[in-house]
Amino acid sequence: MKTLSCAVGIAVVACLAAIDAVRADGSGDPTAVSSDSGKYFDKDGNPTFKIQADGTVDWYTYSGFRRYHSECHVCHGPEGEGSSYAPALKDSLKNLSYADFQAIVAAGRKNVGTASTNVMPSFGENINVMCYLDDIYVYLRARADDVVPRGRPQKREDKPDAAVKAEKICLGAS
Amino acid sequence: MRPRGLMRDGRVSLQLFGRKAMPMSKIGKLALMTSCAALFGGAILPAAANDELAKLQQDPKQWVMPTGDFANNRYSKLKQISADNVNKLQVAWTFSTGVLRGHEGAPLVIGDTLYVHAPFPNTVYALDLNNDGKILWKYEPKQDPNVIPVMCCDTVNRGLSYADGKIFLHQADTTLVALDAKTGAVAWSVKNGDPSRGETGTSAPMVFKDKVIVGISGGEFGVRGSVTAYSLKDGKRVWRGYSMGPDADTLMDPEKTTVLGKPVGKDSGTNTWQGDQWKIGGGTTWGWYSYDPELNLMYYGSGNPSTWNPRQRPGDNRWSMTIWARDVDTGATKWVYQMTPHDEWDYDGINEMILADQTVGGTPRKTLMHFDRNGFGYTLDRTNGELLVAEKYDPAVNWATKVDMDKSSKTYGRPLVVDKYSTDHNGEDVNSKGICPAALGSKDEQPASYSPDTGLVYVPTNHVCMDYEPFRVSYTAGQPYVGATLSMFPPPGESNMGNFIAWDGKTGKIVWSNKEQFSVWSGALSTAGGVVFYGTLEGYLKAVDAKTGKELYKFKTPSGIIGNVMTYEHGGKQYVAILSGVGGWAGIGLAAGLTKPTEGLGAVGGYAALSNYTALGGQLTVFALPN
């Protein structure tokens with residue numbers, strides 16, 4: 001389903017010219033090489049962000065910003081910056097892969113010892129999280145790669161029809 | 001060793017609020033002393049637990065309740081430390097709790113023992129004041145760590161209560177446990193809620209008369225809030241009153257329970273909700289409760305309705321965001337007042353109710369004062385719930401122009417909401433900008449202190465605004481049920497995120513105001529020495545002049561302060577104690593610093609990050625004057 005589009009390729013080049021060229025996070029090089037209905041993917045097929053030269057973010061990065069600040073921020077702090085309670089995900093995603101991220105969100109994680117009592121719940125049954133898992137990942141990946149600043153993204157692409165459809169199906173399935 | 005003959009009728013005259021002495025008819029019962037009596041310098045203990053606590057709180061050498069006294073004044077008659085000498089204060093001793101999470105609340109001092117609690121795992125230590133704080137006993141409950149992630153904003157615990165030779169602990173997993181004050185042995189234990197549904201325990205249990213009363217947390221998980229009274233003696237449940245639901249659940253009488261002087265009518269706890277939404281309606285109850293023994297009423301506030309998306313729950317959502325007056329014996333609701341009908345901003349109404357007798361508008365009143373998250377400072381007549389004063393205690397507050405005080409108006413008692421800042425008016429998926437205060441409120445749970453000497457209330461405040469965008473969410477039991485994105489920042493043109501203010505509750509006016517770099521998230525203490533103490537998020541314990549607010553002393557403790565200052569006297573010396581341990585909502589919201597939304601792309605958060613000033617830690621620091 002992921003078709004390499006010439007237009008996207010040109011946009012990516014423009015994008016790379018505007019920001020640091022050498023970059024890698026827990027899923028490798030985040031550069032978008034393909035897209036499908038407004039959703040972008042890196043060379044390994046992992047979801048990724050696309051930031052245009054004027055700062056316009058793709059829909060999923062923007063949506064991830066919103067969902068993160070509803071579901072994750074009460075523990076992990078604003079914009080993935082971390083808190084006194086839970087780690088900074090903008091740092092975590094420098095090492096965690098897309099698959100790691102999915103697994104931890106779905107299953108939760110425990111780190112309870114003498115010095116710490118960190119427990120993340122399983123969100124596998126929470127459609128407010130699971131229906132937007134890629135959105136949240138893409139936003140945090142952009143934060144990890146330092147291409148989206150703190151605060152609300154000021155400009156964004158329109159919500160793709162595919163996102164509207166997928167959201168309906170996902171939420172309706174509950 | 002428990003005193004026998006618990007009295008059913010609490011309306012006996014107690015030496016409280018400095019009015020009535022204990023009647024002679026009760027003196028006979030005083031012969032029944034507990035073994036603890038000797039600890040209290042020969043003080044005689046009355047028979048009923050309410051008499052015991054009422055008596056004990058008259059002794060300024062001890063700090064016997066999490067709120068200092070029934071009236072929630074957090075005022076001490078001790079005056080060895082005064083405005084003249086507080087600048088000489090020194091650290092006398094310290095104690096590490098061994099836990100790194102946010103430390104709210106304050107220790108108790110009963111006789112020669114100091115009792116201190118910690119966040120999850122909710123360790124309790126009894127420390128011997130005669131022996132340099134040697135550990136007399138330690139209690140650490142076994143709790144399923146799965147409760148941790150359902151505690152929305154850190155694993156805080158707001159402290160212990162004492163009565164009848166027992167220490168009461170309200171654990172994270174909602175277990176209420178009674179410990180023998182001498183040995184730490186469990187006397188009884190009862191489960192108040194179900195963490196798998198998002199119900200957790202963070203509030204301090206409160207002892208009024210022969211009951212221990214606990215609330216519940218979990219407003220961000222669709223929990224239906226309640227307060228529950230358990231028998232002091234054996235933990236048997238006596239009554240439970242919900243924040244919403246049918247009259248049988250809310251313990252309301254359609255005719256006798258009043259709101260602003262009028263009967264509430266039938267099923268007022270369901271008829272402003274759509275369908276069954278009241279069942280996951282929120283209105284949790286995790287603040288500090290107060291009690292008036294003469295009226296036999298307890299007072300507390302209920303929290304925000306679930307979800308944070310107002311469009312998803314049309315109606316006034318009664319009785320979330322409400323001040324409650326309940327009969328302590330039966331739980332029956334005497335009166336209610338809803339401050340923020342149909343919340344659109346998470347202005348959780350749980351903050352403490354402070355009781356004081358003062359003259360308002362030329363009339364002596366038994367008043368209740370409350371500083372709500374919504375930024376209004378309220379003064380009500382606590383006998384009947386009449387609204388006397390409702391004024392902004394932070395000039396930045398903009399979501400409402402005022403509270404309608406016109407008794408003939410259709411909107412009497414309601415805030416007059418500004419459309420621009422109404423997240424319901426603006427709708428789902430719209431980002432409403434520049435709303436003051438932020439969801440943190442102009443004040444959160446950090447309790448204020450009332451000094452009868454100055455007639456002023458000393459209020460720790462937040463000075464933070466927000467953008468708020470609600471959107472649709474689905475409810476899953478035990479999962480967060482939020483439905484809004486928000487970002488926070490100081491009011492336009494300002495950089496201080498907090499103020500510490502003196503407030504006149506008779507007129508609703510700020511008397512003085514001190515700027516603080518961060519929100520002031522520590523409970524205040526006022527004393528007969530003319531000093532007011534509070535802590536800061538950077539970790540300073542500060543002392544200011546009660547009359548002028550002038551800073552007289554500060555000392556930087558090892559971690560940020562979200563605990564409450566308390567004082568006691570031992571061996572002829574006055575001590576001031578504070579728990580350090582940054583965390584809670586403050587640690588989550590402010591650790592990384594706030595964002596400056598107006599600067600858009602390329603800008604880094606323009607405000608100080610708390611993480612540059614302090615790190616995790618859990619420590620009790622105790623101060624005294626040098627010998």
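The lining of the largest pocket divides into 25 nonpolar, five polar and four charged residues; here Ala, Val, Leu, Ile, Met, Phe, Trp, Tyr, Cys and Pro count as nonpolar, Asp, Glu, Lys and Arg as charged, and the others, Gly among them, as polar. The model is predicted: local features need pLDDT of at least 70, side-chain atom pairs count only at pLDDT 80 or more, and totals for chains, interfaces and linings use all residues. Residues are numbered from 1 along each chain as its sequence is written, chains are lettered from A and ligands numbered from 1 in the order in which they are written, and side-chain values use heavy atoms, with hydrogens and water left out.

The volume of this largest pocket is about 610 Å³. Its lining comprises 34 residues, and A:His76, A:Ala86, A:Pro87, A:Leu89 and A:Met120 lie nearest the centre. A pocket is an open set of points on a 1 Å grid over the protein atoms alone, where a 1.4 Å probe fits, with protein on both sides within 12 Å along at least five of seven lines; lining residues have an atom within 4 Å of a point. Grid points are joined across faces, edges and corners, and the volume is the space filled by probe spheres set on them. Helix 2 of chain A supplies the largest share of the lining, five residues. Helices (H or I, at least four residues) and strands (E, at least two) are DSSP runs, numbered from the N terminus.

Chain B contributes 46 residues and chain A 40 residues to the contact between them, where contact means heavy atoms within 4.5 Å. Together they bury about 3,500 Å², 54% of it on carbon and sulfur atoms; buried area is the accessible area (1.4 Å probe) that two parts lose on being put together, summed over both. Three salt bridges are counted between the chains, a salt bridge being a side-chain nitrogen of Lys or Arg within 4 Å of a carboxyl oxygen of Asp or Glu. One salt bridge joins the side chains of A:Arg152 and B:Glu469 at 2.6 Å, N to O. On the side of chain B that touches chain A, helix 5 of chain B gives the most, with five residues. That side holds 24 nonpolar, 17 polar and five charged residues.

Most residues other than glycine have a negative phi, and most peptide bonds are trans.

| Cis peptide bond | Omega | Loop holding the second residue |
|---|---|---|
| B:Ser306 and B:Thr307 | about -10 degrees | B:Thr307: between strand 18 (297–301) and strand 19 (322–327) of chain B |
| B:Cys436 and B:Pro437 | about 0 degrees | B:Pro437: between strand 27 (432–435) and strand 28 (449–451) of chain B |

B:His342, which is not a glycine, has a positive phi of about 50 degrees.
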